[in-house]
Amino acid sequence: MEGDGTNLDAAIESLLNVEKQMRLAGDVAGTRKAVIDIVELCYKAGAWKTLNDQIVLLSKRRGQLKQAITAMVQKAMEYIDLTPGIDTSIELIKTLSSVSAGKIYVEIERARLIKRLAKIKEEQGQIYEAADLMQEVAVETFGSMAKTEKIAFILEQVRLCLDRQDFVRAQILSRKISTRVFDADPSKEKKKPKEGDSIVQDAPADIPSLLELKRVYYELMIRYVIVRSST
């Protein structure tokens, strides 16, 4: 249910004024807090359409700070599983994906959003749509994404291509993974690189271990060889 529109609009307008003051003053912490407060306010009011509208509005404000957009996207992502229905979840994911598009500083968040949307599409039986969505993202170029998360993402791309019998694309994608990577020690992945380098983020808790990813990789390759040899 949407909250009291009048009170919500007034509260948002007040926070937008605060956000503007903080942004124009170059106050990163203040701007970040203001955008998060707006996102939380919409969520608590159950105003999902307003939440989407405010996310777009805040992302387009003149001179908007990267840190504020990052904080806003990350906070809103926490609410995807808390929406009243799948359609609302999809709209929120699409809004966040659109806002994140073309912004390197939220490229990992966008990749995770695309992966979630692809999973929903697959569960709805839309394999082709799911595969197309996943192929929009080239995670191998992401310097700050954990190695295991990159591999898991690419393996999902390969699996979906096999599911829709796009064997040429599946082979191309599989070549982005070197088998040598499975012999590496993920604990030695750089967390504090030199200035100018990307800081590697920790992989989400649901990302499989390197050993498990190795098993999945070879299972997919066996599946590919069997199918290709029978055609």
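**Where the domains meet**

Modeller: The term means a side-chain nitrogen of Lys or Arg within 4 Å of a carboxyl oxygen of Asp or Glu. This is a predicted model, where local features need pLDDT of at least 70, side-chain atom pairs count only at pLDDT 80 or more, and totals for chains, interfaces and linings use all residues. Residues are numbered from 1 along each chain as its sequence is written, and side-chain values use heavy atoms, leaving out hydrogens and water.

Colleague: Which residues make up domain 1 and domain 2?

Modeller: Domain bounds come from an automatic or database domain assignment. Here domain 1 is 11-98, and domain 2 is 102-183 + 202-230. Their centres, taken over C-alpha atoms, are 29 Å apart. For the contact (heavy atoms within 4.5 Å), domain 1 gives 14 residues and domain 2 gives 12.

Colleague: How much area do domain 1 and domain 2 bury between them?

Modeller: The size of an interface is often given as the accessible area lost when the parts come together. Buried area is counted with a 1.4 Å probe and summed over both parts. In this case that's about 1300 Å², 71% of it on carbon and sulfur atoms. On the domain 1 side, M77, I93 and S97 lose the most area, together 37% of what that side buries.

Colleague: And how many salt bridges cross the interface of domain 1 and domain 2?

Modeller: The rule finds one.

Conventions. Buried area = accessible area lost by both parts, 1.4 Å probe.
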